[in-house]
Amino acid sequence: MSVVFPTEQGDNGCMPTTEDYNLLIHLSPLFQGISADELAALLDCLGVRRRSYRKGSYIFTAGQHITDMGLLLSGQLDILQDDVWGNRRILERVTAGEMFGTAFTCADIARIPISVQAIQPSEVMLFDYRKVITTCNSACGFHTQLISNMLRLLASKSVSMMDKIENVTRRSTREKLLSFLSQQAHRRQTRSFDIPFNRQELAEYLAVDRSALSTELGRLRDEGVLRFHKNHFELRS
């Protein structure tokens, strides 16, 4: 079933396409167990809006109070945090089909400490979290399923944050790097994989100096621990 739902023109003047809706269906676990017919009614219940963003533009900025959470339909986003000296860390990279802003909206934080930036031309779907966690007047079964899916997503985000903490709390750049690469290999169930970061982004994600990161990568390659080319890595025995 083809579904049309409300849209907004984004800051690059582009309007969303119907193909993005299909991408949403196939990629997002938020709508697991909800049929196409039910989803059409659910999107109307949630009052969703779709917006397009240029590369480099911001969906949310630090210091805002937000009530919207989002689902990335296409492109890529970074969850960023800057300290008072202007040093930037990448907390998370969001890819198509993934949620963002969930923890901060559900916690009802007065001023969010993070920014969400489009690092590629991106299209997102936004909706008020209060409409997600509160059943509608008709108490529809698919809304109950949505709440269950949302709880699983929040739990998954918590696990991902624990993985990040495990990486950045390692003592040395070498230990942080190996911990991160090991997680990537386990997640993909292969020793040969691509990572979603370039060198500068990986350094920001692991909270290490870029030069130290490059030096350690060279040492690990020379020791035969790994091979790499750009963002492709192969872990050796």
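**Terms and values**

Analyst: Pro29 is located in the loop between α1 (18–27) and α2 (36–46). Helices (H or I, at least four residues) and strands (E, at least two) are DSSP runs, numbered from the N terminus. The model is predicted, so local features need pLDDT of at least 70 and side-chain atom pairs count only at pLDDT 80 or more, whereas totals for chains, interfaces and linings use all residues. Residues are numbered from 1 along each chain as its sequence is written, and side-chain values use heavy atoms, with hydrogens and water left out.

User: Why is Pro29 called partly exposed?

Analyst: Buried means under 20% relative accessible area, exposed means over 50%, and partly exposed is in between, with a 1.4 Å probe and protein chains only. Pro29 has a relative accessible area of 37%, and therefore counts as partly exposed.

User: Which residues does Pro29 touch, apart from those up to four places away in sequence?

Analyst: Pro29 touches Gly97, Asn149 and Leu153; contact means heavy atoms within 4.5 Å. Pro29 and Gly97 are 68 residues apart in sequence, yet their C-alpha atoms are 7.8 Å apart in space.

User: How many helices and strands does the protein have, and what share of its residues counts as buried?

Analyst: The protein has eight helices and eleven strands. Of its 237 residues, 41% count as buried. Among contacts with a separation of 6 or more, 72% come from residues 24 or more positions apart.

User: What makes β2 and β5 edge strands?

Analyst: Four strands form an open sheet in the order β2-β7-β4-β5, with antiparallel pairing. Each of β2 (58–60) and β5 (88–95) has a single partner strand, so one side of each is left without a neighbour in the sheet. Neighbouring strands of this sheet are turned by 30 degrees against each other on average, direction ignored.

User: How do you know that β4 and β7 pair?

Analyst: Two strands pair if DSSP finds at least two bridges between them. Four bridges join β4 (residues 76–82) to β7 (residues 115–118), and therefore the two count as paired. As one of these bridges, Leu80 has Ser115 of β7 as its partner.

User: Why are α6 and α8 called roughly perpendicular?

Analyst: Axes are lines fitted to C-alpha atoms, for helices over the stretch in contact, and angles run from 0 to 180 degrees between N-to-C directions. Angles under 35 degrees count as roughly parallel, over 145 as roughly antiparallel, 65 to 115 as roughly perpendicular and the rest as oblique. Helix α6 (residues 173–188) and helix α8 (residues 210–222) pack at about 70 degrees, with axes 10 Å apart; α6 and α8 are therefore roughly perpendicular.

User: Which residues meet where α6 packs against α8?

Analyst: Thr173, Arg174, Leu177 and Leu178 in α6 meet Ala212, Leu213, Glu216, Leu217 and Leu220 in α8. By class, this contact has six nonpolar, one polar and two charged residues. Ala, Val, Leu, Ile, Met, Phe, Trp, Tyr, Cys and Pro count as nonpolar, Asp, Glu, Lys and Arg as charged, and the others, Gly among them, as polar.

User: At what angle do α5 and α6 cross, and what is the make-up of their contact by class?

Analyst: Helix α5 (residues 141–168) and α6 cross at roughly 150 degrees, and their axes come within 7 Å. By class, the contact of α5 with α6 has two nonpolar, three polar and four charged residues. Asp163, Glu166, Asn167 and Val168 in α5 meet Lys176, Ser179, Phe180, Gln183 and Arg187 in α6.

User: How do you know whether Asn167 is buried or exposed?

Analyst: Asn167 lies in helix α5. Its relative accessible area is 0%, which is under 20%, and Asn167 therefore counts as buried. Beyond four places in sequence, Asn167 touches Lys176, Ser179, Phe180, Gln183, Tyr205 and Leu206.

User: How are Gln189 and Arg191 classed by accessibility?

Analyst: Gln189 lies in the loop between α6 and β9 (192–194), and Arg191 is also placed in the loop between α6 and β9. At 75% relative accessibility, Gln189 is over 50% and so counts as exposed. Arg191, at 47%, is partly exposed. Arg191 is in contact with Phe233, Glu234, Leu235, Arg236 and Ser237, leaving aside neighbours within four places in sequence.
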